[in-house]
Amino acid sequence: MQISINPPKKDWTSLLERPAMEVQQLDEIVSAVLRDIQENGDAAVTKYTSQFDGVDLEQFLVSEEEIEAAKLAVPEDLKAAIQVAKTNIEAFHRQQRSTVEIVETMPGVKCWRKSVGIQKVGLYVPGGTAPLFSSVLMLGVPAIIAGCQEIVLCSPPAKDGGLHPAIIYAADLVGVHKIFKIGGIQAIAAMAYGTQTVPQVYKIFGPGNQYVTAAKQMVSRAGIAIDMPAGPSEVLVCADQTADPSFVAADLLSQAEHGVDSQVVLVAFSSEFIKEVETALSEQLAKLPRKEIAAKALENSAAIVINTRSEALDMINLYAPEHLILALEDVTSFSEGIINAGSVFLGNYTPESVGDYASGTNHTLPTNGFAKAYSGVSVDSFVKKITFQQITAAGLQELGPSVEKMASAEDLIAHKEAVSIRLRRIKQQ
């Protein structure tokens, strides 16, 4: 990790810069794959699955036999843990459903808004270096609660041509049954444009690497909605003298092991504390199965000493982390100043891992600074808000003259006449 001691504010942006692939090269690769799949469908998906995943598949759809086999393959204790997570995620997300409230803005003029589930949605579940079956719960549960009619799930196949049994089990558990063994750019393209076997969807959800993120952004320009630009994972830990250095190190590594393009940031108030965290990092890193990945991610990361809590708050809001862990004294008061973050974890006993899996909040969150303007996935992400209005004859007599005046002032006379013709008819009755 790069260590900085009390850096001036003018240097903060460069210190906190995220790792990124050269944009032109990334866009060229992604656009070529998208175009090929749009034109050639399943044949192109097959080609890129072989090229990128090293797997030759005759069929992408997970069969009923594979679903039943997955149910048997998942250990009972893991099934129980997945069920706990599902229950908590459902409990948290059910509270996000909105009820219809009719507002009478003036006598005879009633307006209301109704939430309607997006008819067709696509869920992308990463599985390249780790089978993220937890993402199935995070995306599938709110989609079902929102009332989406068709849910398509894509995830990269393993070298044996199958999906991790826990991914299939979790999908079946939440009620998602169109499961495809397709990953990366080709999965986003298949769901965006549709192929001979993969249905086209109206909105695509899910995290992924830079290729997946770029693909989602590109298809969104063609009219396919996306949840957010959710790219490589990141965490910022802000810790003071009340924090446990070993806890902080564990939290940093929990994000670093996601991928080599992940980033972790430590904001502390003394060099001594950072040294203690570094010692704990070395000890814990050596024991990790994914230590090479985590070590590479740490090269993209920073530890920064800041003088005051006020400056720490400013740095956090500038960085706008996907995950923010506050291991601080008087953490509740400090957290009130957070305005840019995907999800916040308060206190020494709230590791980011609980949000990744089972506390109930959603782990599909804005990265790369997009937390300044985006929210994480919720039930709202899977619905459209449709407004309605109904006006009585008496209500139009009251409201109509204002509309006539405004339409005339904008020189939109047909708009005015749509009101005037009705008002004349009311007077004749």
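Is Phe388 buried, partly exposed or exposed? With a relative accessibility of 31%, Phe388 counts as partly exposed, a class between buried (under 20% relative accessible area) and exposed (over 50%), using a 1.4 Å probe and protein chains only.

The structure on display is a predicted model, in which local features need pLDDT of at least 70, side-chain atom pairs count only at pLDDT 80 or more, and totals for chains, interfaces and linings use all residues. Residues are numbered from 1 along each chain as its sequence is written, and side-chain values use heavy atoms, with hydrogens and water left out.

**Stop one: helix H3**

Select residues 42-53, which form helix H3. Helices (H or I, at least four residues) and strands (E, at least two) are DSSP runs, numbered from the N terminus.

Next, colour Asp42, Ala44, Val45, Tyr48, Thr49 and Asp53, the buried residues of H3. They lie on the same side of H3, because they cover an arc of only 150° around the axis; the arc is that of the directions from the helix axis to the C-beta atoms. The face turned away from this buried side carries the exposed residues Ala43 and Gln51.

Now display helix H2 (23-40) and helix H8 (184-193), which are among the elements that cover the buried residues of H3. Just after H3, select Gly54, which takes a positive phi of about 70°.

**Stop two: aromatic pairs**

A search of the whole structure finds five aromatic pairs. Rings of Phe, Tyr and Trp (its six-membered ring) pair if their centres lie within 6.5 Å; planes under 30 degrees apart count as stacked, over 60 as edge-to-face and the rest as tilted.

Select Tyr48 and Phe52, a stacked pair with 5.6 Å centre to centre and 20° between the planes. Tyr48 and Phe52 are four residues apart in helix H3, so about one helical turn separates them. Tyr48 is buried at 9% relative accessibility, whereas Phe52 is partly exposed at 39%.

Then select Trp112 and Phe388, which are also stacked, at 5.7 Å centre to centre and 5° between the planes. Trp112 lies in strand E3 (residues 109-117) and Phe388 in strand E14 (residues 383-391), so the pair ties together parts that are 276 residues apart in sequence. Trp112 is partly exposed, with a relative accessible area of 22%.

How values were computed
Expected span 1.5 Å × (residues − 1). Contact = heavy atoms within 4.5 Å.
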